[in-house]
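Hi everyone, thanks for coming.

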Amino acid sequence: MTGLRWKRVLVKLSGEALAGQQAMGIDPDVVGRIADDLVSAVRLGAEIGVVIGGGNLFRGAWLQKQGTDRVTGDHMGMMATVMNALAMREALAARGLKASVLSGLPIPTVCDTFTQRGGLEHLAGDRVVLFAGGTGSPFFTTDTTAALRAAEMRCDAILKATNVDGIYTADPKKDPNAERYDRLTFEEAISRDLKVLDTSAFALARDNAIPIIVFSLQEAGALIEVLAGRGRATVVAG
């Protein structure tokens with residue numbers, strides 16, 4: 001490994017990112033571009049876990065409006081994350097990189113069930129590990145899952161990929177006066193109610209001393225720049 005500031009990282013992707021310009025679904029070109037970045041990072045020596053949301057395929061809020069039970073909606077959302085992880089696994093395999101899907105929600109016919117021991121073994125074996133199925137329990141977001149898995153995998157950092165180059169005081173696409181933060185403490189991120197991650201994810205990362213780097217994955221090669229400590233991003237740390 002040369003030139004990487006962070007060796008073992010947890011990359012958090014939104015499900016919406018996989019849809020590309022589509023309103024819903026999975027865009028193979030976008031998945032392929034992200035897979036290219038992951039392959040490049042692993043070849044440079046990075047050890048990478050990935051958590052992908054499921055919002056491009058399903059959102060529990062849709063059913064809650066009809067009175068559907070929250071637990072049922074959350075379980076459906078967990079299965080959507082498994083579908084996204086399987087798509088990413090196949091894209092990585094097509095590029096010659098081994099990847100494993102470990103699900104917090106047991107679906108043994110489709111993929112292995114998450115255990116800390118299994119996750120650590122796969123990461124040490126030059127595999128990208130795709131953590132799917134959330135925590136396996138309802139009421140927890142994929143942001144919280146990412147922070148939890150990062151702690152369990154003893155990651156050096158959480159890399160939160162968004163569609164903008166860091167954390168702003170407001171949505172920069174809607175507010176031209178929004179100011180960008182270069183660095184924040186966990187306490188500042190929580191007290192200012194910054195919505196880039198939920199409060200429980202910030203708290204988990206804080207309690208385990210894992211910095212969060214928020215960056216844009218819109219440009220090819222952005223992941224490598226962030227891993228090297230050069231990319232434009234906001235760092236949330238103690």
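Let me start with a term: a cavity here is a set of grid points where a 1.4 Å probe fits but cannot get out. Please keep in mind that this is a predicted model. The volume of the largest cavity comes to about 40 Å³. And what lines the largest cavity? Around it you'll find Val42, Ala46, Glu47 and Ile48, together with Leu123, Asp126, Arg127 and Val128. By class, that lining has five nonpolar residues, three charged ones and no polar ones.

Now on to helix packing. Two packed helices are described by the angle between their axes and the distance between the axes.

Take helix 2, residues 28–43, and helix 4, residues 70–94: their axes lie 9 Å apart, at an angle of about 60°. That angle makes helix 2 oblique to helix 4. The crossing of these two helices is right-handed. Helix 2 brings Val31, Ile34, Ala35, Leu38 and Val39 to the contact, and helix 4 brings Ala87, Met88, Ala91 and Leu92. In this contact, nine residues are nonpolar, with no polar and no charged ones.

My other pair is helix 6, residues 142–152, and helix 8, residues 199–207. Here the axes come within 8 Å and cross at roughly 10°. Because angles under 35 degrees count as roughly parallel, helix 6 is roughly parallel to helix 8. Who meets whom there? From helix 6 we have Asp143, Thr144, Ala147 and Leu148, and from helix 8 Ser200, Ala201, Leu204 and Ala205. This contact of helix 6 with helix 8 divides into five nonpolar, two polar and one charged residues.

Note on methods. Residues numbered from 1 in each chain as written. Predicted model: local features only at pLDDT ≥ 70, side-chain atom pairs only at ≥ 80, totals over all residues. Heavy atoms only, no water. Axes fitted to C-alpha atoms, helices over the stretch in contact; angles between N-to-C directions. Helix = DSSP H or I, 4+ residues; strand = E, 2+ residues; numbered from the N terminus. Parallel < 35°, antiparallel > 145°, perpendicular 65-115°, else oblique. Left-handed = near helix turned anticlockwise from the far one by under 90°. Contact = heavy atoms within 4.5 Å. Nonpolar A, V, L, I, M, F, W, Y, C, P; charged D, E, K, R; others polar. 1 Å grid on protein atoms, 1.4 Å probe; cavity = no way out; pocket = protein on both sides within 12 Å on 5 of 7 lines; lining within 4 Å. Points joined across faces, edges and corners; volume = space filled by probe spheres on them.
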